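Subject: Structure handover

Dear colleague,

Here is the structure I said I would pass on. My notes on it follow below.

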Amino acid sequence: MSVMRLLAVRRDALLGAAVWSLLALTLTTSSPARASSAPSVDKPRVPILGQVMVKANHQTDGDSAVVTLHGVRRIPGGTAIYYSIGFTSSGSPSLLPLGNDALGFSRAGGDPTVFSMSMLVDPVGKKAYTALVVDPGSRKYPLSNCLCTDVRAVGDYQSGQAVVLYQVVAALPVPVSFTDVYIAGQVIGHVKVEDGVMTPEVDPSKPILVGMGWPKVDQPAVASALEPAKSVIDLTTSVADLEGTVTTRSTPKQTSVALASDVLFATDSATLSPKAQAVLVRAAADVKAAGGAGTLQVIGYTDNTGSPAHNVDLSRRRAAAVAVAIKPLLPAGVQLQTSGKGEADPVAPNTTPQGRTLNRRVSVVFAPQGGAK
């Protein structure tokens with residue numbers, strides 16, 4: 001099972017609890033004067049797409065908060081994430097879960113917070129869409145360079161209230177209709193992507209309680225975001241069987257099915273062992289499941305034990321042996337090209353026995369059919 005699937009939060013299981021928690025937060029507002037700090041508008045429908053709980057600085061005690069996802073909207077130049085946060089503890093709420101730098105974010109470094117690190121993950125296309133950034137000097141209150149709620153909008157509300165925030169991340173491609181949402185250090189899975197900003201829009205520099213409207217997105221700032229392509233990150237998924245004999249690693253551009261050489265061959269040998277057939281069958285199934293077709297590369301690797309010349313020769317012979325044995329297990333028409341790289345391209349340090357074991361492998365490498373999505 002992939003890491004993203006393990007992290008994903010089932011929306012259906014959370015929905016009932018989210019409804020009651022959000023109602024409890026919004027209906028316990030005790031100060032009409034506080035509510036009047038936001039514009040008076042017709043109360044909009046409040047969609048609830050998922051919910052997570054957070055603690056101040058990830059501690060077990062102290063202030064706790066409910067984070068509720070309300071929308072993922074495709075807008076010109078980016079994707080807006082709308083969510084709310086409400087503290088459930090008594091007394092004055094602490095902003096510690098937001099981090100010491102409020103909602104600050106820096107692509108180049110610094111101390112980003114759990115909220116400014118919100119992102120969207122496309123598990124099919126294997127890409128993460130992270131925060132768009134602007135020149136903080138261009139903002140009236142240059143506390144951060146993320147396109148997100150201003151810190152002034154989160155500092156004037158009471159425990160028991162839920163305040164609405166937003167974050168703009170890189171634009172999702174049009175074919176992506178569902179996404180996993182990484183928010184507050186947790187994941188809400190399989191969220192539908194809709195078009196257009198949430199309405200009615202209200203002043204984002206003032207506290208907006210749930211039901212009063214949605215923060216107005218600064219569209220000119222989105223259009224002038226700095227290097228938006230850098231906010232899109234390729235992901236690598238890695239899935240292995242329990243024995244670690246077959247490991248599939250995938251990126252948007254390439255899939256590699258690695259077979260452990262220690263199971264396939266005896267030490268310093270290129271003759272397949274009696275146990276090899278079962279491993280080849282599992283590897284062939286993974287290649288077919290990942291869409292391997294056309295021309296596939298079969299590449300041998302070793303650890304750094306022995307001379308470089310010997311390692312390259314051994315890795316070539318092992319790749320050739322695997323290619324001959326696995327070809328009948330693959331779909332008709334598949335072509336295999338073999339090569340050996342010796343100790344090049346290690347996947348683990350060669351400084352430990354475990355690392356050297358991982359580096360001794362034969363990999364079947366190919367581009368996903370249809371290219372990256």
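His 190 counts as partly exposed, because its relative accessibility is 48% (buried means under 20% relative accessible area, exposed over 50%, and partly exposed in between, with a 1.4 Å probe and protein chains only). His 190 belongs to strand 8, residues 186-192. Although His 190 is not a glycine, its phi is positive, at about 50 degrees.

This is a predicted model, in which local features need pLDDT of at least 70 and side-chain atom pairs count only at pLDDT 80 or more, while totals for chains, interfaces and linings use all residues. Residues are numbered from 1 along each chain as its sequence is written, and side-chain values use heavy atoms, with hydrogens and water left out.

Glu 227 lies in the loop between helix 4 (219-223) and strand 12 (232-234); helices (H or I, at least four residues) and strands (E, at least two) are DSSP runs, numbered from the N terminus. With a relative accessible area of 49%, Glu 227 is partly exposed.

Another backbone feature is the cis peptide bond between Thr 199 and Pro 200, with omega about 0 degrees. Pro 200 sits in the loop between strand 9 (194-195) and strand 10 (201-202).

For the chain as a whole, there are eight helices and 18 strands. Of its 373 residues, 46% count as buried. Among contacts with a separation of 6 or more, 68% are between residues 24 or more positions apart, where contact means heavy atoms within 4.5 Å.

Next, the rings. The rings of Phe, Tyr and Trp (its six-membered ring) pair if their centres lie within 6.5 Å; planes under 30 degrees apart count as stacked, over 60 as edge-to-face and the rest as tilted. The count by this rule is one aromatic pair. Tyr 82 and Trp 214 form that pair, edge-to-face, with 6.2 Å centre to centre and 75 degrees between the planes. Tyr 82 is in strand 3 (residues 78-87) and Trp 214 in strand 11 (residues 214-215), so the pair ties together parts 132 residues apart in sequence. Tyr 82 is buried at 0% relative accessibility, and Trp 214 is buried at a relative accessible area of 2%.

Separately, the charged end of Arg 361 sits over the ring of Tyr 301, 3.8 Å from its centre (the rule asks for NZ of Lys or CZ of Arg within 6 Å of the ring centre and within 35 degrees of the ring normal).

On to helix 6. Which residues of helix 6 and helix 7 make the contact? The axes of helix 6 (residues 276-289) and helix 7 (residues 308-326) come within 10 Å and cross at roughly 75 degrees. The contact is made by Leu 280, Ala 283 and Ala 284 of helix 6 and by Val 322, Ala 325 and Ile 326 of helix 7.

Val 287 is also in helix 6, and is buried with a relative accessible area of 0%. Beyond its neighbours within four places in sequence, Val 287 contacts Val 257, Gly 292, Leu 296, Leu 330, Val 364 and Phe 366. Val 287 and Ser 256 are 31 residues apart in sequence and 8.5 Å apart in space, C-alpha to C-alpha.

Ser 256 is also one of the residues in contact with Thr 247, leaving aside neighbours within four places in sequence. Thr 247 is in strand 14 (residues 246-250) and is buried, with a relative accessible area of 12%.

Regards

Methods:
Axes fitted to C-alpha atoms, helices over the stretch in contact; angles between N-to-C directions.
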